[in-house]
There are 2 protein chains.
Amino acid sequence: MTSALLTDLYQLNMMQTYLDHGETQRASFELFFRTLPPRRGFLIAAGLEQALDFLEDLRFSADDLDWLARSGRFSRSLLDYLAAFRFSGDVDAMPEGTAFFADEPVLRVSAPLPEAQYFETRLINILHFQSIIASKAARLVLAASGKLLVDFGLRRAHGAEAGLWAARASYLAGFAGTATTLAERLYGIPIYGTMAHSFVQAHDDEGVAFENFARSRPRNLTLLIDTYDTEAAAQKVVALAPRLRVLGIEIGAVRIDSGDLAVQAKRVRRILDAGGLAGTTIFVSGGLDEDKIRSMLANGAPIAGFGVGTSLTTSSDVPALDCAYKLQEYAGVARRKRSAGKATWPGRKQVWRHFGADGTMHGDVLSLIDDPIAGTPLLEPVMRDGRRLARPILSEIRATAARNLAALPEPLRRLEVGGRYPVQIADALIRLAAEVDRHTAPKRMREPADPRRS
Amino acid sequence: MTSALLTDLYQLNMMQTYLDHGETQRASFELFFRTLPPRRGFLIAAGLEQALDFLEDLRFSADDLDWLARSGRFSRSLLDYLAAFRFSGDVDAMPEGTAFFADEPVLRVSAPLPEAQYFETRLINILHFQSIIASKAARLVLAASGKLLVDFGLRRAHGAEAGLWAARASYLAGFAGTATTLAERLYGIPIYGTMAHSFVQAHDDEGVAFENFARSRPRNLTLLIDTYDTEAAAQKVVALAPRLRVLGIEIGAVRIDSGDLAVQAKRVRRILDAGGLAGTTIFVSGGLDEDKIRSMLANGAPIAGFGVGTSLTTSSDVPALDCAYKLQEYAGVARRKRSAGKATWPGRKQVWRHFGADGTMHGDVLSLIDDPIAGTPLLEPVMRDGRRLARPILSEIRATAARNLAALPEPLRRLEVGGRYPVQIADALIRLAAEVDRHTAPKRMREPADPRRS
């Protein structure tokens, strides 16, 4: 699955051509998101750790090389080049957890052209996915105002890697944890687990199901009460509690997974309170998203936590964004494409961020790396000559994301549709775009096309 | 990534409880999709091959077991059980490529309860994803009326497995191939590759870029012509063709990736025809979906093929469906849940399909496996006692899908929104649901809730 052949065939075709014609000078590619839809006022950078693992570890195995040779598509010179292929370049990137906006480079790769070219497909695959999930998770975190949020979405995520990385991306954005067991083992993310309806169904009596589970799994005990009749099940929980208390077992929570969750939660709260279980909290799940969570909390639903599945791990309202990895400089000369609707800003760039006195983000400036601009530069060196410079731990990344969410302007924190954050294009960049256009379009002189308008 | 720990923690919690209380009798779970949205009149089953690989191969490794032991969550009895864990049960399933509808079981697992329970999370993860992609691909195939379709979507797919499996699921549904190199190596799927904009940008002159590429990659040559000015680039292609012809190189196609693709294709077609390149076809890509493809073809756009990326590999308009794996029978007794809006039909079931004289699908009947019903049964035995019975090759699966698409009623083939296929619930099933309800809800007698209405 993580074979070096997990790439678009055209990367190998281009590499062959670059080698044939000696086009191996240094190239810089930048990865960015072209436009943000109305329901994504900001994005959260995520996946850099896995992207750097990929850059550092990528090798063409003997099997890969053998298969490529047998395919008859490539020359011996390319096969020899691939046999020795190691990433030898530099990477600058925004730290994971950073809030960012359209057209801002999240990552820049600078390396000999065939090398930098090769990495396009999988770098987008890694960074696009984790960033859309972290961004969706951040919206859920803002909507849940401090209530417990748990990722329940492995089953509907798009494959194994998506499920696992969604657990990571949501945790770094502020989720309390996940149901995905492997995420604790690999990343140290707290895991949560209750019971399924099948567990209750397998017993002839719902009360017996609850008691069996409580005796076997007494820690952080949560009982699922909506298999047949939610209120009747809540009564069974009340009846069971004294017997469990004798054994030193407390019913930490009940979970409701269907019906009108806010209404059910209020009714169940009354039953639990009347039954002396004021300390037993209510956890809900089932088709949740940030709008439903905000609405339930605004209506005073007595809910302590939310399990969020499909809408989180597929970012179901925005399952993909226009994320690209484009050549910005080759052999010391700035480049850009001018394709209709897809023009890019040329050159190696930096994003400078400005903050108000209270720490709130006021606006960004996009310019060239050597443009002397005030503000906090967002891209940092993370690899030099193929070696990593630092390896932040997940708790630090989580703290970075929390700081970034706290610094968002209020309209973005309130998830207002269309809340627009100012990103200014510096004069130096506009001048360079005009210069590049004169160079690459000698027959049709024109004003530099602003990629934001074209 | 394919660790046995890639599962919801609650599966392990339930397994512990089942073992503690001797609840290890035979259970049958069925996997089905609850409802179809208006833009999915039918679904195509896919992913069974990977699901059976998973069932057959799953082992808890020594590392997994060690980690579980150190977590302190589980008893020695569970750890010993997991150390010996092998799938020993039976599986019945619809062959991949079968068209199916809401509430119809796609797969049934029958095995001792803790075993059958364990597999829930990843079976959904595998079958839900590939089925939504095959279903999206089938829509694209119907819209493209025989034109070439190629999967370009690895970069925006949700991780590595999603990208690779999307190549497989789209090929089985009728795509010609994919850009994902690894898909040829692993599945024998034809691969396609052209060039990226970065390739053109890296050259000072677009014409030189074209010529270099043609000399290095002469087979199935496709040139990307929209980096700067599409019509000007088409003229360069015309100018280059005679020089290449001398070398025995034909320009098979040009690719346009931006702008109004139908308009651009018409203009480029005129330029190519006037330049003596009537045999050079036009291939387009960039934000395509089935609606855009159908509209371009309806408008007579001279387009021979389509590269489809994001909308395919994320099924972007329907990135997830309500796919569930539910207990239907335990210890010989039928079971069902009655949760509001999520009630299920109990018992082990079969789907019988009826065809008209011309082979068109007329309707399905959902009933119990031993109900003597006319029609073609869709679920077949695929594993017995943990062993696979057959292993269809991908070309057979592709033929099955093609037969199924050809047999769809016209409203579904035309992708009409709301086209509804009749699925009848047999009397035997309705009677059994009523009987199960009497058993599990003794205090509240009621008419059996129809899951389609609740």
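How many helices and strands does chain A have? Chain A has 17 helices and 19 strands; helices (H or I, at least four residues) and strands (E, at least two) are DSSP runs, numbered from the N terminus. This is a predicted model, in which local features need pLDDT of at least 70, side-chain atom pairs count only at pLDDT 80 or more, and totals for chains, interfaces and linings use all residues. Residues are numbered from 1 along each chain as its sequence is written, while chains are lettered from A and ligands numbered from 1 in the order in which they are written.

**Figure 1. Chain A as a whole.** Taken along the principal axes, the C-alpha atoms of chain A fill a box of roughly 80 × 55 × 35 Å. Of the 454 residues in chain A, 54% are buried. A residue is buried if 20 or more other C-beta atoms lie within 10 Å of its own, exposed if 12 or fewer, and partly exposed in between, with C-beta atoms placed from the backbone. Among the contacts in chain A with a separation of 6 or more, 73% join residues 24 or more positions apart. Two residues are in contact if their C-beta atoms, placed from the backbone, lie within 7 Å.

**Figure 2. The two domains of chain A.** Chain A is divided into domain 1 (9-133 + 320-440) and domain 2 (141-313); these bounds come from an automatic or database domain assignment. The C-alpha centres of domain 1 and domain 2 of chain A lie 39 Å apart. Their contact takes 15 residues from domain 1 of chain A and 17 residues from domain 2 of chain A. On the domain 1 side, α6 and α15 (394-407) of chain A each supply at least two residues. The largest share of that side, six residues, comes from α15(A). By class, the side of domain 1 that touches domain 2 in chain A has ten nonpolar, two polar and three charged residues. Ala, Val, Leu, Ile, Met, Phe, Trp, Tyr, Cys and Pro count as nonpolar, Asp, Glu, Lys and Arg as charged, and the others, Gly among them, as polar.

Figure 3. Helix α6 (residues 120-144) of chain A has 25 residues. From first C-alpha to last, α6(A) reaches 36 Å, close to the 36 Å expected at 1.5 Å a residue; the expected span is 1.5 Å times one less than the number of residues. Of the 25 residues in α6(A), 23 are buried. After α6(A) comes Ser145(A), whose phi is positive, near 35 degrees. The axes of α6(A) and helix α13 (residues 290-298) of chain A come within 8 Å and cross at roughly 5 degrees. Axes are lines fitted to C-alpha atoms, for helices over the stretch in contact, and angles run from 0 to 180 degrees between N-to-C directions. The helices α6(A) and α13(A) are therefore roughly parallel to each other. Angles under 35 degrees count as roughly parallel, over 145 as roughly antiparallel, 65 to 115 as roughly perpendicular and the rest as oblique. Arg139(A), Leu140(A), Ala143(A) and Ala144(A) of α6(A) make the contact with Glu290(A), Ile293(A) and Arg294(A) of α13(A). This contact has four nonpolar, no polar and three charged residues.

**Figure 4. Where chain B touches chain A.** The contact takes 85 residues from chain B and 85 residues from chain A. Helix α1 (residues 9-20) of chain B gives the most to the chain B side, with eight residues. That side of chain B has 36 nonpolar, 32 polar and 17 charged residues.

**Figure 5. Helix α1 of chain A against helix α10 of chain B.** The axes of α1 (residues 9-20) of chain A and α10 (residues 206-216) of chain B come within 9 Å and cross at roughly 105 degrees, and α1(A) and α10(B) are therefore roughly perpendicular to each other. Gln16(A), Thr17(A) and Asp20(A) in α1(A) meet Asn212(B), Phe213(B) and Ser216(B) in α10(B). By class, this contact has one nonpolar, four polar and one charged residues. Buried residues of α10(B) include Phe210(B), Asn212(B) and Phe213(B). The buried residues of α10(B) pack against α1 of chain A, together with α9 (197-201), β8 (222-224) and α11 (230-246) of chain B.

**Figure 6. The loop holding Ala278(B).** Ala278(B) is found in the loop between α12 (261-274) and β10 (281-285) of chain B. Ala278(B) is exposed because 10 other C-beta atoms lie within 10 Å.
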